[in-house]
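Subject: Structure for you to look at

Hello,

Here is the structure I promised to pass on. Please open it beside this email and follow along.

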Amino acid sequence: MKRLLVLSLSLLALCAAAALASAPASLLTPDLALERLQRGNERFVSGKMIHPNQDAFRRTTTAKEGQKPFATILGCADSRVPLEVVFDTGVGDLFVVRVAGNVTYFDQAGTIEYGAEHLGANLLVVLGHTRCGAVTAVVKGDHVEGNIPALVANIVPPVEKVKSENPGMDAAALTNKAIEANTWQSIEDLYKQSPIMREMVKAGKVKVVGAIYDVDSGKVNWLGEHPKQQELLALTGGAK
Ligand SMILES: [Zn+2]
């Protein structure tokens, strides 16, 4: 009897997880969208992925009815951080922006605005990751050329800040701190240049959180909202 009860409860939990993993985006609040990503990453880490929304039906439905992604993710271009995979999601689930160093310039900000305003993605995750080459290059002061100096320009201020606040810290610890600082910087840069996102967050329509993906364990370390979010939301200026 007890075993039957445990089995029933496990089945119920499995059904609830599957329901959340494939629920229509319109039914998800920002917090439920976040929970869906958290559960998906837990499945990825434990090797129990359910690969939701990856069949032909989902493909044809989203093709005909249009996309309604439940979250936008700004992540790094690093091939070890495939966003749909690490969150165990499928077709039409995530609005994805990937650029080396997960930096925010106007084209990333514009894409994020489009996801929130036009597609209804009510959660934005800015996802840094361990062993990030772009951040590491800036920490080490590597010589870069071509278009890369312009690409990493936004990574320089957080790295300089971390260095000045942590004199004598070893390179590995400094890099990890810089990766987190760079994640916050991307959110700050977004708020600075996007009145649209500031207004949507203020109205409670969208939630913006930072997170760090560990390329060794596969686990996402959730950081929450920007520590200075209220201050950043009070900014004026940016592209209208
Ligand atoms: Zn990276």
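Predicted model: local features only at pLDDT ≥ 70, side-chain atom pairs only at ≥ 80, totals over all residues.

Start with the strands. Five of them form an open sheet, in the order β2-β1-β3-β4-β5. The pairing is mixed. As background, strands of a sheet pair through backbone hydrogen bonds, either parallel or antiparallel. Two strands sit at the edges: β2 (94-98) and β5 (220-224). Each of these pairs on one side only. From one strand to the next, the twist averages 25°.

Now look at β3 and β4. Strand β3 covers residues 123-129, and strand β4 covers residues 207-213. They run parallel to each other and are joined by seven bridges. To find one, go to V126: its bridge partner in β4 is G210.

The cores

In soluble globular proteins, nonpolar side chains tend to be buried together. Here, the largest nonpolar core has 35 residues. Which of them touch the most other members? They are V135, I155 and V208. Several elements give two or more residues to this core, including β3, β4, α5 (106-117) and α6 (133-140). Helix α9 gives the largest share, eight residues.

Take V135 as a worked case. Leaving out residues up to four places away in sequence, V135 touches I155, V159, T175, A178, I179 and N182. Another core, of 23 residues, lies apart from the largest one. Among its members are L20, L83, F87 and L127.

Best wishes

How values were computed. Residues numbered from 1 in each chain as written. Heavy atoms only, no water. Pairing = 2+ DSSP bridges. Helix = DSSP H or I, 4+ residues; strand = E, 2+ residues; numbered from the N terminus. Axes fitted to C-alpha atoms, helices over the stretch in contact; angles between N-to-C directions. Core = buried A, V, L, I, M, F, W, Y, C linked by side-chain atoms within 4.5 Å. Buried < 20%, exposed > 50% of the residue type's maximum accessible area, 1.4 Å probe, protein only. Contact = heavy atoms within 4.5 Å.
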